[in-house]
Structure formats: C-alpha cells, structure tokens
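Biologist: I would like to learn how to read a model of this kind, feature by feature. Please give the general idea each time, then the case at hand.

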Amino acid sequence: MKRIFLLIIAILFFELNIFATDTEIDTEKKRHSMAYNGYQGGMMYNVGYVQSRDFQFQDSEGLPLGQYDKLSGASMGLGGALRVGFGQYLRVGIEGYVSTLKYQPKGSSAKIGWGGLLLDSHWHINKFTIFTGGVVGGGSYTHIAMIDKGANTAANDYIVENQYVSYRHYPFLAIVPFVGMEYSLTKRISLVAKIDYMLNATNWADDYVAGPRFFVGIMFGR
C-alpha cells in the first residue's frame with residue numbers, strides 16, 4: 001500500500017513538473033502558460049470486477065455464523081466529472097460516482113460512493129486526447145448482507161424466512177489513479193473512456209471490495 005501511495009504521489013508531481021520544463025521561453029509567454037483553457041463536464045457509466053478478502057460474519061455474542069465468505073463479481077454504477085483546463089496540459093476539477101455489487105441471497109449488496117478533487121494531464125493527438133491522473137477525496141462503503149439461517153414452513157404452506165441482516169457502513173480516504181482517452185465528436189462534445197483502481201487508504205476492512213473499473217460516457221465542453 002505504501003509503495004502504491006508513493007507511486008501515485010510521484011505521478012502527480014510529475015504531471016505538475018511538466019508545466020515547469022519550458023523555462024527558456026520569454027516572460028510574456030510564461031505569464032500565460034497556466035491561463036484558463038476551457039471547461040468540460042458530463043456523465044459516465046462504470047462497470048468493474050471487484051472482490052474482497054475472506055471474512056466471516058459473527059452474531060451479537062461474537063460467535064461465527066457459517067463458513068468464511070468472499071465477495072466477488074461485477075459492480076455497476078453512475079457518476080460524473082467537471083474539469084477546468086489551465087495551460088496546455090493541466091486539468092483540475094471534481095468528480096463523484098457510485099458503484100454497487102449485488103449478490104445472493106437477494107437483497108445483499110456492497111456499495112461504494114466516492115468523490116473528490118481531480119487532477120490530470122492530457123495530450124492531444126488529432127481528434128484523440130490521452131489523459132492520466134488521479135482523484136483524492138472521500139469514500140463511503142455500505143455492505144448489506146442477508147444471512148440465511150434456513151426456512152420454516154408455517155400453516156397453509158407459507159414460507160417464513162429466517163435470516164440475519166448485517167449492515168456495515170464506514171467512511172474512508174479514497175485515492176483513485178486513472179488513465180483514459182477521449183474522442184472528439186464535435187468541437188464541444190466528446191466520447192470518453194477510462195480505467196481506474198480505487199485505493200482505500202484508511203479503512204480497508206476484509207469485506208471491502210476492490211478491483212479495476214471501466215468508465216464510458218459523454219463530455220460537453222467549451
């Protein structure tokens with residue numbers, strides 16, 4: 001974890017240093033090297049493959065309920081971002097998303113909501129824009145688990161469910177590196193796709209689900 005965190009910090013410092021390399025241009029150009037360069041905002045859909053560590057539910061007395069479990073599967077969600085450009089390469093903004101993994105028994109889910117400050121660098125190649133950066137902000141994890149204890153048959157063949165319900169909710173510091181690409185449909189509309197990986201920097205419990213997520217959406221700007 002420490003190595004990954006240091007790598008992310010190094011990437012962000014590298015992005016900032018890009019804008020300090022042109023030290024031999026004249027004073028007038030320097031003054032405008034970080035000038036406002038438009039804005040961009042839009043929505044994105046995300047899907048990913050996530051999994052947790054092995055964990056075990058316990059009852060109110062601390063006794064184990066069943067065998068060890070492990071969450072894994074496809075998570076899905078929506079969100080959006082707003083970015084403001086400065087100079088030729090830098091963009092600063094905010095973004096926020098929700099991603100939910102649903103699993104059996106019915107009603108069980110692991111949901112992550114997060115948002116924060118966005119910083120990226122981008123490079124234009126004709127109609128394509130390649131970008132890389134990261135988000136630092138707050139995350140919230142909500143895990144609702146329906147734990148079967150069996151079922152009892154009542155009169156008239158009605159089934160009475162016999163379940164425990166586990167509810168876990170906790171915040172954490174989210175660090176989210178990403179890389180992506182945009183394609184300009186028009187001067188103001190672009191298709192965007194990116195891949196990220198969220199790092200839970202402060203509260204990585206065994207039932208926390210993590211994995212790569214793929215985003216696709218549309219951005220509007222000027």
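Biologist: What does Phe 128 touch, not counting residues up to four places away in sequence?

Modeller: Contact means heavy atoms within 4.5 Å. With that cut-off, Phe 128 touches Trp 123, Met 181, Glu 182 and Tyr 183. The C-alpha atoms of Phe 128 and Ser 190 are 9.3 Å apart, while the two residues are 62 residues apart in sequence.

Biologist: Is Phe 128 buried or partly exposed?

Modeller: Buried means under 20% relative accessible area, exposed over 50%, and partly exposed in between, with a 1.4 Å probe and protein chains only. Phe 128 has 36% relative accessibility, so it counts as partly exposed.

Biologist: What is the mean pLDDT of the chain?

Modeller: pLDDT is the predictor's confidence in each residue, from 0 to 100. The chain has a mean of 83, and 79% of its residues reach 70 or more. Confidence is lowest in helix α1 (residues 2–18), with a mean of 45, and highest in strand β9 (residues 189–197), at 97. Over residues 4–29 pLDDT stays under 50, and the model has 22 contacts beyond four places in sequence for them. Where pLDDT is low, the predicted coordinates should not be read in detail.

Biologist: Which strands does β1 pair with in the antiparallel sense?

Modeller: Two strands pair if DSSP finds at least two bridges between them. β1 pairs with β4 over 14 bridges, and nine bridges join β1 to β11; both pairings are antiparallel. Gly 42 has Ala 81 in β4 as its bridge partner, and Met 43 stands opposite Ile 218 in β11.

Biologist: How many residues lie between β5 and β6 in their hairpin?

Modeller: There are four, and Gly 107 in the turn has a positive phi of about 100 degrees. The two strands run antiparallel and are joined by 14 bridges. Leu 90 stands opposite Ser 121 in β6.

Biologist: Which residues touch the most other members of the largest nonpolar core?

Modeller: In soluble globular proteins, nonpolar side chains tend to be buried together. A nonpolar core is a set of buried Ala, Val, Leu, Ile, Met, Phe, Trp, Tyr and Cys residues joined through side-chain atoms within 4.5 Å. Here the largest one has 32 residues, and Leu 71, Ile 112, Tyr 141, Met 198, Tyr 208 and Val 209 touch the most other members. The strands that each supply at least two residues of this core include β1 (36–51), β7 (128–153) and β8 (159–184). Beyond four places in sequence, the contacts of Tyr 208 include Arg 53, Ile 112, Tyr 141 and Met 198.

Biologist: How many salt bridges does a search of the whole structure find?

Modeller: A salt bridge is a side-chain nitrogen of Lys or Arg within 4 Å of a carboxyl oxygen of Asp or Glu. The search finds seven. One of them joins Asp 206 to Arg 53, with the closest N and O atoms 3.5 Å apart. Asp 206 lies in the loop between β10 (199–200) and β11 and Arg 53 in the loop between β1 and β2, so this pair ties together parts that are 153 residues apart in sequence.

Biologist: Are Lys 194 and Glu 95 buried or exposed?

Modeller: Lys 194 counts as buried at 3% relative accessibility, and Glu 95 counts as buried at 6%. Their side chains meet in a salt bridge (3.1 Å, N to O). This pair links distant parts of the chain, with Lys 194 in strand β9 and Glu 95 in strand β5, 99 residues apart. Salt bridges that share partners also join Arg 83, Arg 91, Asp 120 and Glu 182 into one network.

Terms used:
Residues are numbered from 1 along each chain as its sequence is written. This is a predicted model: local features need pLDDT of at least 70, side-chain atom pairs count only at pLDDT 80 or more; totals for chains, interfaces and linings use all residues. Side-chain values use heavy atoms; hydrogens and water are left out.
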